[in-house]
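Have the model open and follow along.

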2 protein chains.
Amino acid sequence: MGEYTVTPWEVSGAVDYERLIKEFGTSRIDEKLRSRLLAKIKDGAYMLRRGFFFSHRDLDLVLDDCSKGKGFFLYTGRGPSGPMHIGHIIPMVFTRHLQQAFGANVYIQITDDEKFLYKRERTWKEIDAYSEDNIRHIAALGFDPDKTFIFRNSEYVRNVYPLLLKTARKITYSTAKAVFGFTNETNIGMLMFPAYQIVPTFFEKKRCLIPAAIDQDNYWRIQRDIAEGMGYQKAAAIHSQFLPPLAGVCGKMSSSKEETAVFLTDDEKTVKNKINKYAFSGGRTTIEEHRRLGGNTKVDVAFQWMSLFFEPDDAELERIRKEYESGRMLSGEMKQEAIRRINEFLAKHNDAVQKVSIEKYTHTGRLARKMWETTYLE
Amino acid sequence: MGEYTVTPWEVSGAVDYERLIKEFGTSRIDEKLRSRLLAKIKDGAYMLRRGFFFSHRDLDLVLDDCSKGKGFFLYTGRGPSGPMHIGHIIPMVFTRHLQQAFGANVYIQITDDEKFLYKRERTWKEIDAYSEDNIRHIAALGFDPDKTFIFRNSEYVRNVYPLLLKTARKITYSTAKAVFGFTNETNIGMLMFPAYQIVPTFFEKKRCLIPAAIDQDNYWRIQRDIAEGMGYQKAAAIHSQFLPPLAGVCGKMSSSKEETAVFLTDDEKTVKNKINKYAFSGGRTTIEEHRRLGGNTKVDVAFQWMSLFFEPDDAELERIRKEYESGRMLSGEMKQEAIRRINEFLAKHNDAVQKVSIEKYTHTGRLARKMWETTYLE
């Protein structure tokens with residue numbers, strides 16, 4: 001059994017997702033639950049069908065709430081420590097699909113404070129510029145501008161501070177240490193931060209559903225311990241795997257390692273070069289061998305990316321799989337398939353980035369206006 | 001040697017101030033330094049002469065800065081956990097005297113966040129009402145409205161958050177634990193709070209002088225470790241003793257123990273009753289004995305209060321001392337002397353409370369306006 005690490009700050013090694021479910025105490029999305037959710041959503045269904053979203057907490061209760069007409073709200077976030085890569089936006093895209101299917105409000109937290117706290121050498125200007133940039137890319141994904149609130153922690157703190165304090169005073173050092181592995185050397189800002197990531201789960205009295213990669217689950221474990229005592233509901237979550245980094249099916253993509261990721265701003269040529277040069281291949285050592293034995297789609301990053309995100313059409317994906325596994329399609333050709341789809345996605349995305357007005361999401365849309373009028377003084 | 005405890009959250013036992021100087025690593029205000037400061041100040045000089053302000057850090061450097069025309073700024077604070085008693089305002093009054101003597105800016109932090117964090121059962125409304133009340137009493141002391149900024153942490157956080165984070169990331173859990181005695185059960189809000197109490201020492205690039213009771217010194221020790229690395233100056237401090245509680249020369253007054261303190265809002269009759277009933281007396285058991293042996297001013301709370309605050313005139317205080325120690329003045333008479341002075345002070349003070357406009361101090365005065373325009377984004 002391989003060694004791996006999954007925390008909000010580090011993901012490394014070959015992650016065993018089945019084992020994670022046991023370790024984190026979450027539940028697998030079984031056939032019955034998957035069918036219930038699939039009955040509701042259209043776009044993005046493939047991410048669920050293909051198991052990219054594989055684990056959950058209380059997703060069944062969220063669907064019960066929907067049946068009863070109670071509704072729910074969605075919450076996810078982004079740490080603006082660098083430019084965004086495609087791994088970052090997949091849970092966001094799925095969140096947008098859920099919003100479209102259910103008409104739910106979406107809250108997106110930009111944790112500029114945590115990213116500033118995490119490393120002493122970072123300047124505020126640097127983080128601030130990434131926040132601006134990241135918000136633009138997120139807003140461009142097409143969330144409903146009247147039902148979506150994207151907020152920087154450093155800015156919304158003016159409203160939310162009393163609720164932040166109320167949350168923080170429910171969490172002891174011993175809990176935070178046990179859940180996050182804090183040490184004597186952890187700075188006191190980082191120690192308090194988990195409270196802020198929990199706060200948005202209290203933005204409505206409805207149940208909160210959090211679509212996010214599983215490395216964020218630690219926060220929700222604490223939330224679920226304190227929520228009811230504070231008069232709120234336990235957060236529900238739907239957990240994704242990590243989009244594998246270019247170099248292979250281990251760990252996750254990292255903004256600080258150029259060669260592991262495709263960034264949202266990479267141009268066509270860069271994408272082509274990166275995939276061709278770095279994408280781990282499931283092909284054989286020689287063409288002859290490949291023709292005879294076929295490629296391995298399970299470790300082929302180009303195929304995995306299409307499976308997890310870039311090729312929603314099951315029939316088309318199946319065609320590619322068969323071509324590759326039979327040896328008819330070579331690694332270079334597989335990479336071309338991926339490059340084309342990635343570049344199509346990025347072209348469309350960056351077109352949207354140019355056109356989007358972020359003000360609606362951050363300040364002037366219906367939900368944003370309401371949130372800026374809300375104080376948390378009770 | 002008696003046992004005592006002095007932390008920002010607890011003061012108990014008979015405090016040995018000489019020993020505190022050694023334990024905290026501060027310096028005694030010696031004759032030379034006292035004379036240097038006395039040469040500058042008029043009002044409030046008696047608090048210095050009589051040793052109520054007894055300890056310091058870098059007060060000599062503050063005076064050097066003055067001689068060189070560099071100037072300095074003043075910073076003190078108040079935790080709004082209840083109504084204010086006379087012990088709370090003595091360092092404030094001394095701060096006002098320093099402002100008058102040096103024309104320095106004064107920053108007064110209202111730590112509503114810390115008081116909310118400290119006890120889980122407190123509501124925000126409760127703390128908020130105390131903040132409003134306490135600010136009114138502080139503003140009424142006569143600070144220069146254009147050179148004084150009184151701010152609630154919960155409100156000013158909107159401006160100061162990046163600087164707060166910058167400070168927090170310089171302080172490890174291990175440091176905070178060692179200085180404040182935090183434990184596994186401390187909540188994560190309290191863990192971060194020390195950073196906020198340090199932040200105002202960075203409001204100007206000049207040296208900051210903090211007049212406060214010595215139980216707050218822990219914060220300045222950390223400040224002095226990190227300030228220069230952050231491009232600021234080490235804070236200087238001038239430490240007061242505690243005004244003894246009514247029941248005797250031990251610990252400090254407590255808002256939560258009615259019978260230990262005289263509150264700023266106590267009416268004449270309440271003051272009279274409290275002093276007569278609770279003020280520990282240095283008198284003898286019988287009148288005959290008292291006439292023969294005289295009273296003990298060192299433990300007599302009525303006398304101590306006059307000495308420390310309510311009787312600025314040395315000659316008058318000396319007269320009272322002699323009368324009491326000779327046995328000519330009885331305990332009841334000593335109490336009358338104190339009651340008269342306390343009630344005079346409170347009448348004048350509450351008159352000022354009625355008249356004061358707090359807006360100038362919190363938002364519209366020259367310094368306040370400047371502070372609300374300041375962001376801390378570099």
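Let's start with a pair of strands in chain A. Strand β8 (residues 207-213) of chain A runs parallel to strand β9 (residues 236-240) of chain A, and 5 bridges join the two. One of the residues to look at is L209(A), whose bridge partner in β9(A) is A236(A). Keep in mind that this is a predicted model.

Zoom out and that pair turns out to belong to an open sheet of 7 strands in chain A, with mixed pairing and the order β3-β4-β9-β8-β5-β6-β7. What stands at the edges? That would be β3 (27-28) and β7 (148-152) of chain A; each has a single partner strand, so one side of each is left without a neighbour in the sheet.

Now for the domains. The assignment for chain A gives domain 1 (4-246) and domain 2 (258-354). Taken over C-alpha atoms, the centres of domain 1 and domain 2 of chain A are 28 Å apart.

| Part of the contact (chain A) | Value |
|---|---|
| Domain 1, residues in the contact | 16 residues |
| Domain 2, residues in the contact | 22 residues |
| Domain 1 side, nonpolar | 11 residues |
| Domain 1 side, polar | 3 residues |

On the side of domain 1 of chain A that touches domain 2 of chain A, the elements giving two or more residues are α5 (86-102) and α7 (124-139) of chain A. Of the elements there, α5(A) gives the most, with 3 residues.

Next, have a look at helix α12 (residues 268-278) of chain A. Which of its residues are buried? They are V271(A), K274(A) and I275(A). Looking down the axis of α12(A), you'd find the buried residues within an arc of 95°, so they line one face of the helix. As for the cover over the buried residues of α12(A), it includes α14 (301-310) and α16 (331-355) of chain A.

The largest one has 219 residues, and the members that touch the most other members are I188(A), L191(A), A195(A), I188(B), L191(B) and A195(B). Take I188(B): leaving out residues up to four places away in sequence, I188(B) touches a run of chain A residues, namely A168(A), I171(A), Y173(A), A176(A), L191(A), M192(A), P194(A) and A195(A). Two of those contacts, L191(A) and A195(A), are also on the list of members touching the most others.

Methods:
Residues are numbered from 1 along each chain as its sequence is written. Chains are lettered from A and ligands numbered from 1 in the order in which they are written. This is a predicted model: local features need pLDDT of at least 70, side-chain atom pairs count only at pLDDT 80 or more; totals for chains, interfaces and linings use all residues. Two strands pair if DSSP finds at least two bridges between them. Helices (H or I, at least four residues) and strands (E, at least two) are DSSP runs, numbered from the N terminus. A residue is buried if 20 or more other C-beta atoms lie within 10 Å of its own, exposed if 12 or fewer, and partly exposed in between; C-beta atoms are placed from the backbone. The arc is that of the directions from the helix axis to the C-beta atoms. Two residues are in contact if their C-beta atoms, placed from the backbone, lie within 7 Å. A nonpolar core is a set of buried Ala, Val, Leu, Ile, Met, Phe, Trp, Tyr and Cys residues joined through C-beta atoms within 7 Å. Domain bounds come from an automatic or database domain assignment. Ala, Val, Leu, Ile, Met, Phe, Trp, Tyr, Cys and Pro count as nonpolar, Asp, Glu, Lys and Arg as charged, and the others, Gly among them, as polar.
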